[in-house]
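Hi,

Here is the structure I promised to pass on.

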Protein chains: 4
Amino acid sequence: MTIRIGIIGTGVMGADHARTLRATISGASVEAVFDVDARRAATAAAGARVLDDPLALIKDVEVDAVLIASSDATHEDFVLASIAAGKPVLCEKPLAPDVAGCLRIIDAELAAGRRLVSVGFMRRYDAGYTSLRRTLAAGEIGAPLLMHCVHRNVSVPDGFTGSMLVTSSAAHEIDITRWLLAEEIVAVTSHRPRASSLVGALPDPQFLVFETASGVLVDVEVFVNARYGYDVRCELVGERGTATLAPEAPTLVRRDASASRAIPHDWRDRFAGAYAHELQDWVDGIGAGAARGASAWDGYAATAVAQAGVAALESGRTAVELVTKPPLYK
Amino acid sequence: MTIRIGIIGTGVMGADHARTLRATISGASVEAVFDVDARRAATAAAGARVLDDPLALIKDVEVDAVLIASSDATHEDFVLASIAAGKPVLCEKPLAPDVAGCLRIIDAELAAGRRLVSVGFMRRYDAGYTSLRRTLAAGEIGAPLLMHCVHRNVSVPDGFTGSMLVTSSAAHEIDITRWLLAEEIVAVTSHRPRASSLVGALPDPQFLVFETASGVLVDVEVFVNARYGYDVRCELVGERGTATLAPEAPTLVRRDASASRAIPHDWRDRFAGAYAHELQDWVDGIGAGAARGASAWDGYAATAVAQAGVAALESGRTAVELVTKPPLYK
Amino acid sequence: MTIRIGIIGTGVMGADHARTLRATISGASVEAVFDVDARRAATAAAGARVLDDPLALIKDVEVDAVLIASSDATHEDFVLASIAAGKPVLCEKPLAPDVAGCLRIIDAELAAGRRLVSVGFMRRYDAGYTSLRRTLAAGEIGAPLLMHCVHRNVSVPDGFTGSMLVTSSAAHEIDITRWLLAEEIVAVTSHRPRASSLVGALPDPQFLVFETASGVLVDVEVFVNARYGYDVRCELVGERGTATLAPEAPTLVRRDASASRAIPHDWRDRFAGAYAHELQDWVDGIGAGAARGASAWDGYAATAVAQAGVAALESGRTAVELVTKPPLYK
Amino acid sequence: MTIRIGIIGTGVMGADHARTLRATISGASVEAVFDVDARRAATAAAGARVLDDPLALIKDVEVDAVLIASSDATHEDFVLASIAAGKPVLCEKPLAPDVAGCLRIIDAELAAGRRLVSVGFMRRYDAGYTSLRRTLAAGEIGAPLLMHCVHRNVSVPDGFTGSMLVTSSAAHEIDITRWLLAEEIVAVTSHRPRASSLVGALPDPQFLVFETASGVLVDVEVFVNARYGYDVRCELVGERGTATLAPEAPTLVRRDASASRAIPHDWRDRFAGAYAHELQDWVDGIGAGAARGASAWDGYAATAVAQAGVAALESGRTAVELVTKPPLYK
């Protein structure tokens, strides 16, 4: 059985997903594509149908499942339409930019009575993070106490704001914290270091501290103009040892008095394998009738913590309040 | 278009390939399976047809391409039958155990007038080796002078012989040397260290030295009962620097007074990505009408060097004599 | 010229210093030793004179310089007596446990009109930290913005308190921050993670955040019962790159499916070279008539920041107030 | 007790030794210095006596022990004179450039009835090599079977010959092989790779294979114009695991898309600690009345293997013939 995918939004991520689906995913095809820029849609479609109405794409009888990679503000409507159409949907993070939107999606899914929504937190499919999780689960380092995270980008486009360091960048650390530790984040504190002089007015880097329900402290450096490379790191500190995410380029070059390994340029280099595994697992799950990956609840919790993080930029330690978790997500 | 694959031989490698084709390869399906052990074939088939005649499988009109993972001695016949049927064929190494068999395959392919044969030297698809090759091609380390290789297995099954350290294990180093340096190996010398006392009568490890046409010296430790893990390493030494294959597990664990990274147990852990890329590239090539990966010539050269290596175990430096390379392989 | 050293206090550190002075320091001898435990003093003396009065030791005409490694509460008196005797004195940290004591020492030194006091912040002599400082000074990573520190011990003796995580352990991070960044720390915030269940009532680990005068943010994990080893790490994050203290054992062992390097057991393994360089530099400085290493001002500032850190354990962000820096220390 | 050292030869190594003795060695002083270049001698002397006759220096009543760092051809005479004077002598390698000279020194020492001679194989004092030896002795990797060595220099001065790659460079691998494995080398084979085009007529690099008495195979790449840095590596391969000499610069710098560690420029950077430990141990041994470090026998064996290595450059596998080892060296 081949799952026929409809893609909404073919910017950088959507076009990447289209390529990955065609090039390396078993059991899936790109059936239809929509983008506000029809030319961009045609390029990404590579022969598949280009539709001019995203809601029509969602309802199209030849489309079995929907992949949403359009702008953040449109996510909620397209996810709700997919649920209404009874179709599995993989939505790039954020599920919705605000908590209210996420809750409307949860309500719709509860009304539908089954999980249809997956959120594109691809790090859950990275070989390093999955190894960290297995190491923790195996008891190799004892109970977790602290977690140190670093999230660095080479640079960000114009228009990137201080809030986006939390909502767009740290969102990944929020999700991976919840997934690795299997508990919720209950408070966020922000510390603001001296800003880089190379970046105009953006308050970059930022330093966040999360507290989890059990008291694990998670600190996160977010630095979106780190210049030297795309670098994501994580050390889990347990009562008896630590486990560190430490991916290395597979070759070491010695020349000019130094021994060096390459650092990737962006998240697509770094997480290409994770994206492919995420898509394959999503497609496999559709075939098996089971939703896989991060759920609408995970998407909601990530947005709620991010919102607290944005508040913390101004007002210090901010508690995260979540609604009661519906049984569907347990 | 979906390429329908027929698989001959479903031992460890064949069964792995069947799983990979189903699980992660885009544009391919497992159409039919043959194995001398019908039960094993049925397991690997996972619903696909199980045939009881490998030659019938090759000729089957529903089979577009053939994957050969049966015992070494059967390779030649099945490859020749595939060529006769005009079908693309991916044959696990060795192409044939002896030079004469390889030459018969080359002759058949020349008679067919086009490349149909690919040989399963999967390291050419490994992220580390491809990075080494790019580093060399980019001139980062200058012209190559030496190459140091290590090939270690945890253990080998009973019946593994001293010759097989060359023909089965070092075969990969033979191919990767030719591929990285883009030239032929012209002589092989063998040195025999003290054998491991843990391995019965097997002369294990062995130490081989290859000379290439331009004079690059390649040394290879082959140690098939190294116990501690599966470990493949390679350092290219150039006039201005060196590049080293140095894959690392993506996580580092600190406990009990040591900082450690896991070492894989066998080649399937280590080269899972390479096998998947090899199969995808083969399938893509079939779709595009072009043979990809190592050619019949490469399979022939590998067997010729391995044969010289076996002779060198007894008689010191042994020259490698190759026939003239047909234009089809240039 | 041989500098004749008198040592006060021959517990772990003092006995170590006595051994180092005898074994590997050029131009110095151990002249006299005092300890409250006369037997312990005799062992450490190894033939040198054992005195029963520390103040007599300081005044002894055969003693050229004084090394203080007695209990923290005694430091001030012995340092003041050394200044009064006009003798160079190297005092283990803390210079004094409270700010008032440190200021009395500064006053005495100002009255003496010259620097006689050095404080034993040995990390300034570690090959890794000095390399970090050179890297920063060379502009290789741009202006500093953040610094991430980890300070882990295997375990601590009974009686170790929560305050001591700051005053005894983090004291080293306080000094090295000031030395690396060449500016003062102006505020301290404390975060308290879940405590290790293996440690009784001690609030261990702790997580501190320092702010420097220019706005650099320095976070410090202090975990004195980390079990697995003695581990001190530091990453300086600049506008264009980062530099990380990452010492590695000089050998890598591959066995039992892992590649591992040893982690030291305690600070004496880790900083043996730094202690030797510190002592040699102190001795050389005495010969040259110049005080070397951390000054009384550095000792004062470290105590002032540590005191703020202890306050921060209870009351959140705490500002550090320093007196005006006397010209003697500029 | 201070050991008063007389130094013969104050070129690069001798001047370094003079500095080290003064700066960081406990219990020693530089008493007198000789060099064929009197001005160079005066600089290195730094106030010590400059003598114009090396034999007078050896006999000088104020000189307790002799350090020889003059040109290779002069070593034998000065060592013999030191033995005749009954004084401990530390001679830079080679003990003598030819086997006959080494044997004359052994005879003289046997006649003297006690060990007075130490040979400057400083790697025996390197933290990495000593850790390798402990790892092997502890049985962590099982019985040794193979050893892979690399010895690379940035460049060599004009006049460096092909033979010197063996006698001057590989001499260190010869000694360290004998010391790590605690057995003699019985044969040497040479392989000649393509020479670097950047080095004129010098046959550089070379590749040597040693066989030890028990059958361990040791391969050595010697590349004295490797350009990129001074790099010495060693992997011991045992029946159950391997141990690798893998020293790393203590800091890691991330910038410009790469994570890198510095590689030292020459042997003095790399082995500064080993030289200091060697000198300290030699001085301590003199105080204790015991010869330390590599013996005259070790110096003889190294020269004998090197001589076989030079022969092997022309004639393939060459056996090493040693005289019977006198009891003095057991």
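Predicted model: local features only at pLDDT ≥ 70, side-chain atom pairs only at ≥ 80, totals over all residues.

**Where chain C meets chain A**

Between chain C and chain A there are 15 residue pairs in polar contact, counting pairs in which both residues are at pLDDT 80 or more.

The largest share comes from β7(C), with six residues. Sorted by class, that side of chain C has 17 nonpolar, 11 polar and 10 charged residues.

As for the extent of the contact, 38 residues from chain C and 38 residues from chain A take part. About 2900 Å² is buried between chain C and chain A, and carbon and sulfur atoms give 59% of that area.

The rule finds four salt bridges across the interface of chain C and chain A. One of the salt bridges in the model joins the side chains of R233(A) and E235(C), at 3.1 Å from N to O.

**Where chain C meets chain B**

Chain C also touches chain B, with 13 residues of chain C in contact with 13 residues of chain B. The area buried between chain C and chain B is about 1000 Å², with 52% of it on carbon and sulfur atoms. Y228(C), R254(C) and A257(C) are the chain C residues that lose the most area to chain B, and together they make up 47% of what that side buries.

The count of salt bridges between chain C and chain B is two. In the model D231(C) forms a salt bridge with R254(B), where the closest N and O atoms are 3.4 Å apart. Polar contacts between chain C and chain B come to eight residue pairs, again with both residues at pLDDT 80 or more.

Which elements of chain C give two or more residues to the side that touches chain B? They are β11, β13 (251–255) and β14 (258–262) of chain C. β14(C) gives the most, with five residues. By class, the side of chain C that touches chain B divides into five nonpolar, two polar and six charged residues.

**Two residues to look at**

Start with E235(B), which sits in strand β11 (residues 231–238) of chain B. Is E235(B) buried or exposed? Its relative accessible area is 6%, so E235(B) counts as buried. The side chains of E235(B) and T242(B) are joined by a polar contact of 2.9 Å. Leaving out residues up to four places away in sequence, E235(B) touches residues of chain B, including L146(B), M147(B) and H148(B), and also R254(A), R152(D) and R233(D).

The other one is Y228(D), in the loop between β10 (217–223) and β11 (231–238) of chain D. Although it lies in a loop, Y228(D) is buried, with 3% relative accessibility. The side chain of Y228(D) makes a polar contact with the side chain of R152(D) at 2.8 Å, and another with the side chain of D231(D) at 2.6 Å. With residues up to four places away in sequence left out, what Y228(D) touches includes R254(A), R255(A), D256(A) and A257(A), along with R240(B), G241(B) and T242(B), and within chain D also R233(D) and I263(D). For a sense of scale, the C-alpha atoms of Y228(D) and D158(D) are 18 Å apart, and the two residues are 70 residues apart along the chain.

**Chain A as a whole**

Chain A has nine helices and 15 strands. Its C-alpha atoms fill a box of roughly 55 × 55 × 45 Å along the principal axes. A compact globule of 330 residues would have a radius of gyration near 20 Å, and chain A agrees with this because its own value is 20 Å. Of the 330 residues of chain A, 63% count as buried. Among contacts in chain A with a separation of 6 or more, 71% are between residues 24 or more positions apart.

Cheers

How values were computed:
Residues numbered from 1 in each chain as written. Chains lettered and ligands numbered in written order. Heavy atoms only, no water. Contact = heavy atoms within 4.5 Å. Buried area = accessible area lost by both parts, 1.4 Å probe. Polar contact = N/O pair within 3.5 Å; in protein donor to acceptor, adjacent residues only side chain to side chain. Helix = DSSP H or I, 4+ residues; strand = E, 2+ residues; numbered from the N terminus. Nonpolar A, V, L, I, M, F, W, Y, C, P; charged D, E, K, R; others polar. Rg over C-alpha atoms; globule rule 2.2 N^0.38 Å. Buried < 20%, exposed > 50% of the residue type's maximum accessible area, 1.4 Å probe, protein only.
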